[in-house]
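Subject: Structure handover

Hello,

Here is the structure you are taking over. My notes on what turned up in it follow below.

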Amino acid sequence: MQLMSHTGFSQANINFEQYHVVNSHQLYTYMPVVHYQHKKNWYAEARYNYEAEKTFSLYLGRAFTGGNDLNYSFVPMLGGSIGKFEGVSTGLNIDMDYNRFFFSSQSQYSMPTTQYGRYFWYSWSEVGYQSMKWLYTGLSVQQTHDRLTGDELQPGIMIGFTFNKFTIPVYTFDPFGNGRNFIVGFNMAWKHTRKKQPAYPVVKSDVPAAGSNP
């Protein structure tokens, strides 16, 4: 699950992710996620079927970005959920890339607000290599700690295809075990750039380029 890319000055990013989950132990699950990052790095994220089935969640936070050769983004968040799971959560999104290598992680700790709910900690992390402009591969892992069921670790492999603003990631977790499952995504990214108006007349060749990602 690749997160929000490094954001420069005077830019806003919107990512729409659609994940389709299939395994032998449950019915097909559709899991949409929308990320929005303001040009001043304020951040919002909406999810459905993520914390639990038929559950809507909304997170708010702020991104801390930087880097030259090594670009990074850290987004601490607070959120709430309604539906089958009702509760509040803290979360952290991490994005890093160096040349063709990248690392991303999304983790959260969720506490129920109902009497019979269960708290849990969840993390989805991945490390990959962009071997071609349109292709990347890597390793991914999901980890869950639940108050009743304990720890569950699911290692996996991934391959992704990128075409302009579109990315199609394919994951398989626990590929050699009985809990094998597949996740296929169809993700889209938009970037809005607002050009800064010069304070004095300049010739066209002197106009600086709008803020861009490092």
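A residue counts as buried under 20% relative accessible area, as exposed over 50%, and as partly exposed in between. Tyrosine 119, at 27% relative accessibility, is therefore partly exposed. Please keep in mind that this is a predicted model.

Overall make-up

The protein chain has 13 strands and zero helices, so from the N terminus on the order of elements is simply β-β-β-β-β-β-β-β-β-β-β-β-β. Of its 214 residues, 40% are buried. The chain exposes about 12600 Å², and 62% of that area is supplied by carbon and sulfur atoms. Among contacts with a separation of 6 or more, 44% are between residues 24 or more positions apart.

Aromatic pairs

A search of the whole structure gives 12 aromatic pairs. One of them joins phenylalanine 102 and tyrosine 136: the centres are 5.4 Å apart and the planes stand at 85°, an edge-to-face arrangement. This pair links distant parts of the chain, with phenylalanine 102 in strand 8 and tyrosine 136 in strand 10 (residues 135–146), 34 residues apart. Are these two residues buried or exposed? Phenylalanine 102 has 10% relative accessibility and counts as buried; tyrosine 136, at 1%, is buried as well.

Tyrosine 109 and tyrosine 119 make another pair, with ring centres 5.9 Å apart and planes at 45°, so the pair is tilted. Tyrosine 109 belongs to strand 8 and tyrosine 119 to the loop between strand 8 and strand 9, so the pair ties together parts that are 10 residues apart in sequence. Tyrosine 109 has a relative accessible area of 32% and is partly exposed.

Ring pairs also link Tyr19, Trp124, Tyr171 and Phe173 into a cluster.

Phenylalanine 103 and serine 125

Phenylalanine 103 is in strand 8 (residues 101–112) and, at 30% relative accessibility, is partly exposed. Serine 125 sits in strand 9 (residues 120–132). Why does serine 125 count as buried? Its relative accessible area is 15%, and the limit for buried is under 20%.

Leaving aside residues up to four places away in sequence, phenylalanine 103 touches Ile94, Asp95, Met96, Ser125, Glu126 and Val127. With neighbours within four places again left out, serine 125 is in contact with Phe103, Ser104, Ser105, Leu139, Ser140 and Val141.

Tryptophan 42 and the arginines

Tryptophan 42 is part of strand 3 (residues 42–48). Which residues does tryptophan 42 touch, not counting those up to four places away in sequence? They are Tyr36, Gln37, Gly61 and Arg62. Of these, arginine 62 lies over the face of tryptophan 42, at 4.7 Å from the ring centre. The C-alpha atoms of tryptophan 42 and leucine 60 are separated by 7.9 Å, and the two residues are 18 apart along the chain.

Regards

How values were computed: Residues are numbered from 1 along each chain as its sequence is written. This is a predicted model: local features need pLDDT of at least 70, side-chain atom pairs count only at pLDDT 80 or more; totals for chains, interfaces and linings use all residues. Side-chain values use heavy atoms; hydrogens and water are left out. Helices (H or I, at least four residues) and strands (E, at least two) are DSSP runs, numbered from the N terminus. Contact means heavy atoms within 4.5 Å. Buried means under 20% relative accessible area, exposed over 50%, partly exposed in between (1.4 Å probe, protein chains only). Accessible areas come from the Shrake-Rupley method with a 1.4 Å probe; for residues, only the protein chains shown count as cover. Rings of Phe, Tyr and Trp (its six-membered ring) pair if their centres lie within 6.5 Å; planes under 30 degrees apart count as stacked, over 60 as edge-to-face and the rest as tilted. A charge sits over a ring if NZ of Lys or CZ of Arg is within 6 Å of the ring centre and within 35 degrees of the ring normal.
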